[in-house]
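Hello,

Here is the model I promised to pass on to you. Please have a look at it first, and then read my notes below.

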Number of protein chains: 2
Amino acid sequence: MLTGIEVLLIGGDTRQLEVIRELSDKDASVKLIGYDKLYGAIGGVTLAELVPESFIGADAVVLPPVGTDEEGKVESLFSARELVLGDAHIERLPKHAKVYTGMAGSYLRDLCSRHQIELVELFERDDVAIFNSIPTAEGALMLAIQNTDITIHGSHTLVLGMGRTGMTLARVLAALGAKVRVGVHRSDQYARAFEMGLSPFYTTELTEAAGEADLVFNTVPARIITARVIAELPHRAVIIDLASKPGGTDFRFAEKRGIKAILAPGLPGIVAPKTAGRIIAGVLNRLLSEDARKRGMKHELE
Amino acid sequence: MLTGIEVLLIGGDTRQLEVIRELSDKDASVKLIGYDKLYGAIGGVTLAELVPESFIGADAVVLPPVGTDEEGKVESLFSARELVLGDAHIERLPKHAKVYTGMAGSYLRDLCSRHQIELVELFERDDVAIFNSIPTAEGALMLAIQNTDITIHGSHTLVLGMGRTGMTLARVLAALGAKVRVGVHRSDQYARAFEMGLSPFYTTELTEAAGEADLVFNTVPARIITARVIAELPHRAVIIDLASKPGGTDFRFAEKRGIKAILAPGLPGIVAPKTAGRIIAGVLNRLLSEDARKRGMKHELE
């Protein structure tokens with residue numbers, strides 16, 4: 001339970017509704033900023049304004065998955081008002097407070113570090129990334145089915161990267177009957193892909209592997225699908241790039257060669273916002289409980 | 001090889017391009033009717049008109065997957081002209097000729113039977129239906145991912161029917177991590193679903209099984225998802241009905257209750273036309289070879 005814990009939740013999209021529900025169910029004291037359109041729809045929470053006073057006494061600030069933009073703006077689906085987070089707000093937080101978001105840019109990082117407030121980027125965590133790989137893989141399947149005139153079953157498919165997302169994706173593609181080859185850059189990943197019955201290769205050999213690919217899924221956040229690789233792909237190939245912007249594909253050259261290439265980051269929030277919200281909610285609940293437990297222990301020792 | 005076999009191919013969509021390619025590769029003599037827009041794009045075939053003379057000497061007539069409409073009209077994506085198939089055409093066929101289509105209506109059935117020409121409905125065949133279950137299952141996955149805000153992984157899913165399509169669909173849903181229950185009406189299907197680790201139930205118990213379903217896939221071509229069943233479904237449930245028109249769902253009542261229900265027959269031609277074409281092409285190639293072999297044997301015996 002989160003009884004007695006004060007959470008200030010600012011902005012967000014439908015995913016945050018699952019977070020609000022979970023924190024409220026666990027008896028946290030939840031204040032919402034940027035939810036004026038939703039007033040009355042959620043019980044057990046209070047609405048607040050984006051003013052410095054709202055930050056006094058908060059144990060945690062929960063921002064949307066994308067945090068703030070580089071001017072401090074926080075998006076909210078549930079408010080028409082502009083929400084800009086700044087020093088005046090963060091400086092009023094207690095020193096033990098933490099700011100939670102999915103991914104942070106330099107504005108938010110600098111803001112928190114100026115006031116020595118710990119910033120937690122949830123999407124960097126292995127558990128969150130692995131949970132999120134499930135909706136990501138399903139979104140990738142959807143894109144592949146929509147953008148090809150063949151079945152995934154029987155297709156020659158490359159998955160680049162055997163990390164948290166790559167392993168999930170390779171497994172479900174193989175389960176659907178695709179002929180999956182996995183491009184890895186570490187020998188342990190090579191061994192794991194082999195154990196799973198997938199055909200591994202080192203990404204240094206990607207140009208050679210490209211020759212008969214119907215589908216290429218990229219999870220590597222670096223320019224890996226270069227012009228040289230694209231030049232080797234058959235014309236029918238479709239590239240689905242799941243890495244964060246700007247992706248790992250030379251999109252300019254793909255377009256020039258007439259090869260369909262789709263940049264699709266952030267699929268969980270698009271194809272399964274409810275599940276994506278539950279993933280964030282579950283991890284937040286656990287982290288807030290741990291924080292409270294640690295504060296309690298410290299308090300007892302003093 | 002199909003050397004010496006005359007095939008008259010009338011109308012169709014992109015699927016037929018795979019059929020033409022396959023038959024032509026196997027050295028059949030292919031004449032196309034209703035392909036005037038495509039002239040020059042396909043080598044090794046000839047174009048013909050829809051006149052009785054074109055039917056003289058043909059060993060096989062290949063119609064589009066949907067055959068003709070109830071006035072004898074044959075659709076062609078590759079011609080603006082109207083193509084109407086009638087007695088004057090079919091009566092010119094040699095007695096050993098066969099007419100191949102996906103599914104036939106009564107117009108086409110009556111037409112062929114009047115002239116004692118064998119009509120082969122490919123989609124009725126078990127092999128074709130099982131091959132087609134692959135793109136059907138992928139199309140069903142796509143619809144499920146598009147129309148829910150949760151992942152298939154972890155969802156409570158019902159698959160109604162454990163036939164040629166139901167078995168494929170249940171297997172891939174389970175592989176993606178769904179909690180699959182399969183509604184069957186035969187004890188052997190019950191046993192098979194059990195063996196596959198799926199949780200079977202008899203469709204007589206469907207009303208009881210409906211209570212916690214997130215997703216319901218129907219493959220049974222009979223009114224099975226009745227108003228009584230729909231009344232038991234949670235509001236969040238989505239019905240994807242894969243049975244031939246009019247499907248097995250009380251769509252009127254589903255709409256009244258605000259439950260999303262999608263009728264989606266004919267998915268292979270939509271989500272994977274190339275694979276769907278290859279399925280038809282592969283089976284046709286085999287059937288035409290067998291026909292020719294039998295005619296040759298009969299000829300030798302005479």
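How many salt bridges does the rule find across the interface of chain A and chain B? It finds zero, taking a salt bridge as a side-chain nitrogen of Lys or Arg within 4 Å of a carboxyl oxygen of Asp or Glu.

Two notes on the basis of all this. This is a predicted model, where local features need pLDDT of at least 70 and side-chain atom pairs count only at pLDDT 80 or more, while totals for chains, interfaces and linings use all residues. Residues are numbered from 1 along each chain as its sequence is written, chains are lettered from A and ligands numbered from 1 in the order in which they are written, and side-chain values use heavy atoms, with hydrogens and water left out.

**The interface**

In polar contact across the interface of chain A and chain B are ten residue pairs, both residues at pLDDT 80 or more (N or O atoms within 3.5 Å, one able to donate a hydrogen and the other to accept it; residues adjacent in sequence count only if both atoms are side-chain atoms). On the side of chain A that touches chain B, α4 (126-147), α5 (164-175) and α11 (273-301) each supply at least two residues (helices are DSSP runs of H or I, at least four residues, and strands are runs of E, at least two, numbered from the N terminus). The largest share, seven residues, comes from α4(A). In contact are 23 residues of chain A and 23 residues of chain B (heavy atoms within 4.5 Å).

**A sheet in chain A**

Six strands of chain A form an open sheet with parallel pairing, in the order β3-β2-β1-β4-β7-β8 (a pair needs at least two DSSP bridges). Its edge strands are β3 (46-48) and β8 (118-121). Within chain A, β4 (60-62) is joined to β7 (98-101) by three bridges, and A:A60 stands opposite A:K98. Helix α1 (14-25) of chain A lies across β1, β2 and β4, at about 170° to β1(A) (axes are lines fitted to C-alpha atoms, for helices over the stretch in contact; angles run from 0 to 180 degrees between N-to-C directions).

**A sheet in chain B**

In chain B, an open sheet of six strands has the order β11-β10-β9-β12-β13-β14, again with parallel pairing. Here β11 (199-202) and β14 (260-263) each have a single partner strand, so one side of each is left without a neighbour in the sheet. Four bridges join β12 (215-218) to β13 (238-241) of chain B, with B:L215 opposite B:V238.

Best wishes
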